[in-house]
Amino acid sequence: MKQVDGEKLLASLGPGANELKGRLTPDAPMDRVTWFQAGGLAELMFQPHDVDDLVAFLKLLPEEVPLTVVGVGSNLLVRDGGIPGVVVRLSAKGFGQVELAGENLIRAGAICPDKHISAMAMDNNIGGFHFYYGIPGSIGGAVRMNAGANGGDTSERLVEVEAVDRKGNIVRLSKAEMGYSYRHSSAASDLIFTHATFEGYPEDKAKIRADMDAVRHHRETVQPVKEKTGGSTFKNPEGHSAWELIDEAGCRGLMIGGAQMSSLHCNFMINVGHATGYDLEYLGETVRQRVFENAGVKLEWEIKRLGIFMPGREVKPFMGVTTG
Ligand SMILES: Cc1cc2nc3c(=O)[nH]c(=O)nc-3n(C[C@H](O)[C@H](O)[C@H](O)COP(=O)(O)OP(=O)(O)OC[C@H]3O[C@@H](n4cnc5c(N)ncnc54)[C@H](O)[C@@H]3O)c2cc1C
């Protein structure tokens with residue numbers, strides 16, 4: 001049963017929609033966007049051609065229509081009832097470039113893959129970006145999630161972010177204005193990041209290449225990188241490793257429907273067949289419940305969950321167990 005109606009929403013935008021250069025897709029399947037390859041429909045997907053096109057679209061969009069932005073979907077769990085309103089997905093043509101912006105400065109479009117920054121940095125003897133080599137997301141996702149690995153994170157390298165707000169105003173944010181903490185930015189949730197500028201430091205190309213090779217080798221050994229996954233499911237709670245808590249609660253390899261906690265890295269959830277959004281979220285909340293009962297720790301989702309449940313297929317936090 002379809003929970004969203006993209007054709008109706010598209011028609012409500014009026015003739016102004018015909019002036020847009022980007023692509024508008026009603027009822028866009030989100031399982032084609034997410035790394036989990038699961039989830040329902042985006043009511044209306046918009047892929048802007050460039051910043052001007054995005055601004056024009058936002059000025060056209062009625063205030064009450066919900067708006068969600070996604071990157072390449074490597075950290076997303078989309079519920080089976082779909083995502084009401086508009087999902088903005090930046091086009092590679094308009095937002096995928098990476099360029100040198102001064103001495104040790106790199107500017108990238110928000111849909112540029114993280115690893116392209118690592119490669120550009122290495123080619124130009126700029127250190128500090130090898131950690132991006134192993135993160136499969138885009139720069140917009142990295143800037144929103146403060147993505148990090150191997151001892152580095154986005155907040156350390158970021159100089160400035162360019163964004164468009166819900167009303168279609170172009171804004172710039174300094175690193176301080178991004179309000180960074182572990183895997184989190186407190187920047188206004190309605191901002192669509194379009195570009196970001198980063199600063200590294202001079203470093204020898206051979207050293208950078210060796211660091212990048214080490215990152216790749218480490219990942220391939222300890223993470224199920226070739227599976228349909230969303231990366232780390234839960235944040236590491238203060239003083240704990242999420243995977244250890246999950247392991248101690250007996251959830252390594254735990255399976256519900258087509259979803260499983262990876263046996264290789266038990267903080268990674270994987271779609272082993274035809275998992276639905278429901279299977280994945282049910283599994284995640286079951287793990288939270290078991291970890292809470294075993295260790296008294298409340299795991300917090302790192303994966304972003306978007307959209308609405310199918311009626312009768314709701315999943316309660318901690319499976320409805322009272323956690324105080
Ligand atoms: C195998 C694997 C390994 C991973 N390893 C790591 C790791 O080591 N470290 C780590 O930090 N993450 C890791 N991740 C998670 C993920 O790659 C990162 O969180 C990444 O930064 C998400 O980027 P994305 O483009 O996929 O964003 P999405 O998953 O599409 O979205 C994530 C969030 O970012 C927001 N967002 C995306 N683009 C924009 C934009 N342009 N403007 C505003 N908001 C935006 C979305 O609204 C959403 O809230 C891993 C994932 C996988 C699958």
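I begin with a term: a polar contact is a pair of N or O atoms within 3.5 Å, and within protein one must be able to donate a hydrogen and the other to accept it, while residues adjacent in sequence count only if both atoms are side-chain atoms.

**Entry 1: ground rules.** I note that this is a predicted model, in which local features need pLDDT of at least 70 and side-chain atom pairs count only at pLDDT 80 or more, whereas totals for chains, interfaces and linings use all residues. Residues are numbered from 1 along each chain as its sequence is written, and side-chain values use heavy atoms, with hydrogens and water left out.

Entry 2: For Phe193, a backbone N or O atom lies 2.9 Å from a nitrogen atom of the ligand. The protein covers 95% of the 960 Å² of accessible area that the ligand has on its own (areas come from the Shrake-Rupley method with a 1.4 Å probe).

**Entry 3: the shell.** Which elements give two or more residues to the shell around the ligand? I listed strand E3 (67–70), helix H5 (139–145), strand E9 (148–149), strand E15 (192–199) and strand E17 (228–232), where helices (H or I, at least four residues) and strands (E, at least two) are DSSP runs numbered from the N terminus. H5 gives the most, with five residues.

**Entry 4: helix H9.** I followed H9 over residues 277–295 and saw that its 19 residues reach 27 Å from the first C-alpha to the last, close to the 27 Å expected (1.5 Å times one less than the number of residues). Of these 19 residues, 14 are buried, so H9 is largely enclosed by the rest of the structure; buried means under 20% relative accessible area, exposed over 50%, and partly exposed in between, with a 1.4 Å probe and protein chains only. Just after H9, Gly296 takes a positive phi of about 75°.

Entry 5: I found Phe318 in the segment after strand E21 (304–306), with a positive phi of about 55° although it is not a glycine. Met319, in the segment after E21, has a positive phi of about 55° and is not a glycine either. Are they buried or partly exposed? Phe318 is buried at a relative accessible area of 8%, whereas Met319 is partly exposed at 26%.
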